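Here is my note on the model you sent. Please read the points with the structure open beside you.

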Amino acid sequence: MEKKINLGIFGFGCVGQGLYNVLNHTRGFNATIRKICIKHPEKKRILDASLFTTDRNEILNDPEIDVIVELIDDVQAAFEIVETALKKKKAVVSANKKMIAEHLDELLRLQQENGVSFLYEASCCASIPIIRNLEEYYDNELLRSVEGILNGSTNYILTHIFQHNKSFEKALKEAQEMGFAESDPRLDVEGFDAKYKLMIILVHAFGIVLHPGDVFNYGIQHLNDFDIRHAKEKNATIKLIANCRKVGNKVYAYCMPKFVPLSDTLNKVNFEYNGLILEGAFSENQFFMGKGAGGNSTGSAVLSDISALTYGYRYEYKKMDQHLNYKYSNDHVVEVYVRQKGKLKIDPAVFESVSIRYESPECDYFIAKINLQKIMNSEWLNDPDISIILTENNT
Ligand code: HSE
């Protein structure tokens, strides 16, 4: 018989309300919201006040609540809630990619020590069922790479810039108003959010557990009109791409903007949609696309995890169990366009090779090959006058 589930929810923002909407439209699903813990009791709510509390212990200490749904913003508070819940043997569902990426080691240990489920499909690409696919379908070592668009807000901004000539600021404001962006939108714009998701993917794709500082992320905050024109002249757009790839025994990963030719599959992924291309040794390419941000799409993924708990689903971390021992390394050469407003100050010796050097009164740029580790260590990385974009020649 299907198990009845009592939910204790933390957070009733965009995703919490999305979950409430999708729960309301789901029949034959035996889950009841018992309590919702919120930070701002003064806010007007769509549900009866008796359902809310500001005391986290009212949920964590309630023996009737068997599933904790963590949907808050504060990373430290979120980790404490998840840790306490798992220690109390309560199953947890979370959408908090930053918290998960920053605490991967501890979260793996807590699941193992307490023998309870911790599911987080909603943390990666919202409505796209990527984690369970990596765990269950790609449960072998034949997967070669996962590449795609993992952040809805930046994709929304870039789509508006390229398709509607909208300004960056206006498109970002819209992404915020529609509930796609993080409360600190720098996490989206500077590529951190996509990196956190990529780190979670790395665990399920290749059994690799990293810390955020290990993986290179570079966002879209330095893009200017010259870069946009350059892309258009080359029949391309710019997308923020996250990529992890196995070559032999080595795995590399990064999150960076890339010139994506108009004919490329990833150019079908627009606005708040996310898209992933998985490459297997024999299956070759598979493409997943779906809404990557927003209350209802993220709420749907949370619901799917809650539903999976009714039949006792747990991630088995199969790639870790297989002891594949892949080595993570940033020792990987990429081809980049490096543009500087005014005259280039970068010493060309930093590059492996330079194929184009363009100079004009407005901007100079290089097309050059460079080791990822060297970009990460460069002192010009955060110079707002410099923009780095992967060329289309990178896999
Ligand atoms: N800020 C995130 C995004 C929300 O724009 O993709 C979904 O994780």
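1. How far apart do the C-alpha centres of domain 1 and domain 2 lie? They lie 42 Å apart. Note that this is a predicted model. The domain assignment gives domain 1 as 4-131 + 295-321 and domain 2 as 330-395.

2. In general, the strands of a sheet pair through backbone hydrogen bonds, either parallel or antiparallel.

3. Strand 2 (residues 31-37) runs parallel to strand 3, and two bridges join them. Cys 37 has Thr 53 as its bridge partner in strand 3.

4. The cysteines deserve a point of their own. A disulfide is a covalent bond between the sulfur atoms of two cysteines. A search of the whole structure finds zero disulfides. For Cys 37, the nearest cysteine sulfur is that of Cys 14, 18 Å away. Cys 37 counts as buried because its relative accessibility is 10%, and buried means under 20%. Cys 125 is in no disulfide either: the nearest cysteine sulfur, that of Cys 124, is 5.5 Å away. Cys 125 is buried, with a relative accessible area of 0%.

5. Which residues touch the most other members of the largest nonpolar core? They are Leu 7, Leu 19 and Leu 276, in a core of 112 residues. Helix 10 (residues 192-206) gives the largest share of this core, 10 residues. Domain 1 and domain 2 each supply at least three residues to the core. A second, separate core has 22 residues, among them Val 336, Val 350, Leu 372 and Leu 381. As a general background, nonpolar side chains in soluble globular proteins tend to be buried together.

6. Leaving aside neighbours within four places in sequence, its contacts include Cys 125, Ile 128 and Ile 130. Leu 276 is also in contact with Val 146, Leu 150 and Ile 201, and with Phe 287 and Phe 288.

7. Helix 11 (residues 225-233) is worth checking from end to end. At its start, a side-chain oxygen of Asn 224 comes to within 2.9 Å of the backbone nitrogen of Phe 226. The buried residues in helix 11 include Phe 226, Asp 227, Ile 228, His 230 and Ala 231. After the helix comes Asn 235, with a positive phi near 55°.

8. Now turn to the hairpin. Strand 15 (residues 353-359) and strand 16 (residues 363-371) run antiparallel and are joined by six bridges. The hairpin passes from strand 15 to strand 16 through three residues. Tyr 358 has Tyr 365 of strand 16 as its bridge partner.

9. Last, consider Val 333, which is in strand 14 (residues 333-341). Is Val 333 buried or partly exposed? Val 333 is partly exposed, because its relative accessible area is 36%. Not counting residues up to four places away in sequence, Val 333 touches Glu 352, Lys 369, Ile 370 and Asn 371. Val 333 and Leu 372 are 39 residues apart along the chain, yet their C-alpha atoms are separated by 6.0 Å.

Technical notes. Residues numbered from 1 in each chain as written. Predicted model: local features only at pLDDT ≥ 70, side-chain atom pairs only at ≥ 80, totals over all residues. Heavy atoms only, no water. Disulfide = S-S within 2.5 Å. Buried < 20%, exposed > 50% of the residue type's maximum accessible area, 1.4 Å probe, protein only. Pairing = 2+ DSSP bridges. Helix = DSSP H or I, 4+ residues; strand = E, 2+ residues; numbered from the N terminus. Core = buried A, V, L, I, M, F, W, Y, C linked by side-chain atoms within 4.5 Å. Domains from an automatic or database assignment. Contact = heavy atoms within 4.5 Å. Polar contact = N/O pair within 3.5 Å; in protein donor to acceptor, adjacent residues only side chain to side chain.
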